[in-house]
Amino acid sequence: MSRLLLSRRGLIGTASASFGLLLAGCDRIAHAPSFDRFLESAQGLSYRSQRLLESGQPLAREFTRADLSPVFKLNGSINPGGAAYAALMANHFADYRLQVTGLVSQPLSLSLAQLRALAARTQITRHDCVEGWSAIGQWSGAKLGPLLQMAGLKRNARFIVFHCADELAAGSPYYESIDLFDAFHPQTILAYDLNGAPLAIGHGAPLRLRVERQLGYKQAKFVMSVEAVDRLDNIQGGKGGFWEDRGYEWYAGI
Amino acid sequence: MSEATLPDAAGPPAPKVAPPVSARPAREVIYRHSLIVRLTHWINVLAISLLIMSGAQIFNAHPALYWGQYGADADKPVIELGARNTPHGLQGVTQVGDLRFNTTGVLGVSGPPGQQEIRGFPGWLTVPSNRDLATGRHWHFFFAWLFVINGLIYLLFGLLSGHFVRDVAPARDQIGPRHILGSIWDHIRLRHPTGAEAKRYNILQKLAYIAMIFVVLPLMIGTGLTMSPGFDSVAPWLLTLFGGRQSARTIHFICANLIVLFVLVHVVEVFLAGAVNEVRSMITGRYVVPKGHAS
């Protein structure tokens, strides 16, 4: 029996010692930038395998009105603030113009009325926050693909960047970017309505991106301009988005 | 418990080659675990440990679980590691269904005395130990890929080499209430098989391995993929199968707990059965068969 006790004591000792070592080791290398970049390389594997599987451009699951979240959680910027946005808001966004710029042959400046007249789509989809929660809402908006075609996307354009009115961190306007594969997906829209009513300020009025096969931080709110570019490394932190510049994956399909 | 039933863990090292048949062997050494099983086992130890810890980090970003397609602050959680203010300071409240438990110090609220903060799982359980969802996700997806590739190699090997049929599937004589009850009774008394019976896995061990290999770990991967909005478009049937992304997240969490439970029992059994002999057999493959009363 004594040997049994000894091995029990040994078990607890060995287990806690190795656990402590594991923790200390993890923390040390978790904060080493080179190791973090090494781990992040798995992102490329996820991105490429999902793109391969999605080659037929399948749609994200669409739900019915019975599935709508009773309350669609507000998250991120609830109000961009600032004089320019406040002025737009005061006038119910009558003076709002979405700028379509960058690598396009015909830059556009579109009012909300003009956006509402474009090819549109309504979809009840699930919004998945990177934190883990989900909310289901009905979105209506202008399809991004036809809008880009109208602007005449140049051959060297590779990404679409969305510049926003809000600054989650001082001096860093929110921005996001997607590749053309997602930009031309039928469910990728610039939404102006949520659950049948114009977007509330907290949900990104007057216009937010819906790119349904990616996480919440890709769904840029308060979109002011859409820019076609051939590279992302010369925009803000160079990682293709506000949260991407702060360590999150550019490809947020998982 | 008699000394003879305890495996000889501290004895002299095993002979390099099995002794000749003519001399009655003092110690019988068998080749128990093949190279692929040993390699995939240790890669799994690394991957699963870090998946659990980075998973706890990710969970802490929203320490509540729901059932159904959606779930957020306004919806009723099925499990929550929450916190509330009391006159005596912060209190960690773990909620399971309608039951509430005070888990201050470990779940909901934890940290050094005086610096306790609201946090689902404590820092000593997460990687990294501070709150860092972005880094936690890098770890989780890296080791998820390692776990999946490692698991596929093991499954393929298990099927093709006969490992599953030979070592994991219950033998004919192990099936039946009499044998199973006997094994349960042995486990309760912490008695481990000796002699010929120690050369194969016991029935409870086999059932536990089967549950992990063919149920819990595949469920882990399936529910993990269901949480991916990209993969959902490729395999929307996963949402139907698990009853929604939030249900899948809840099942993922429950299975993670089952894995932790399995690992705890597994490690305790290794120590009870003779840590040196057991661990050595998983490193070198060689296992000293514990001698019993009859042999």
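1. Starting with the chain-chain interface: 42 residues of chain B are in contact with 52 residues of chain A, contact being a pair of C-beta atoms, placed from the backbone, that lie within 7 Å. Bear in mind that this is a predicted model, where local features need pLDDT of at least 70, side-chain atom pairs count only at pLDDT 80 or more, and totals for chains, interfaces and linings use all residues. Residues are numbered from 1 along each chain as its sequence is written, while chains are lettered from A and ligands numbered from 1 in the order written.

2. Who supplies chain B's side? Two or more residues each come from helices H1 (35-60), H2 (133-160), H6 (229-234) and H8 (245-283) of chain B. H2(B) has the largest share, 9 residues. (Helices are DSSP runs of H or I, at least four residues, and strands runs of E, at least two, numbered from the N terminus.)

3. By class, that side of chain B divides into 26 nonpolar, 11 polar and 5 charged residues. Here Ala, Val, Leu, Ile, Met, Phe, Trp, Tyr, Cys and Pro count as nonpolar, Asp, Glu, Lys and Arg as charged, and the others, Gly among them, as polar.

4. Now the domains of chain B: the assignment gives domain 1 (3-34 + 161-288) and domain 2 (64-120), with bounds from an automatic or database assignment. Their contact takes 8 residues from domain 1 and 9 residues from domain 2. On the domain 1 side there are 1 nonpolar, 5 polar and 2 charged residues.

5. Last, a look at Val267(B), which sits in helix H8 of chain B.

Terms used:
Contact = placed C-beta atoms within 7 Å.
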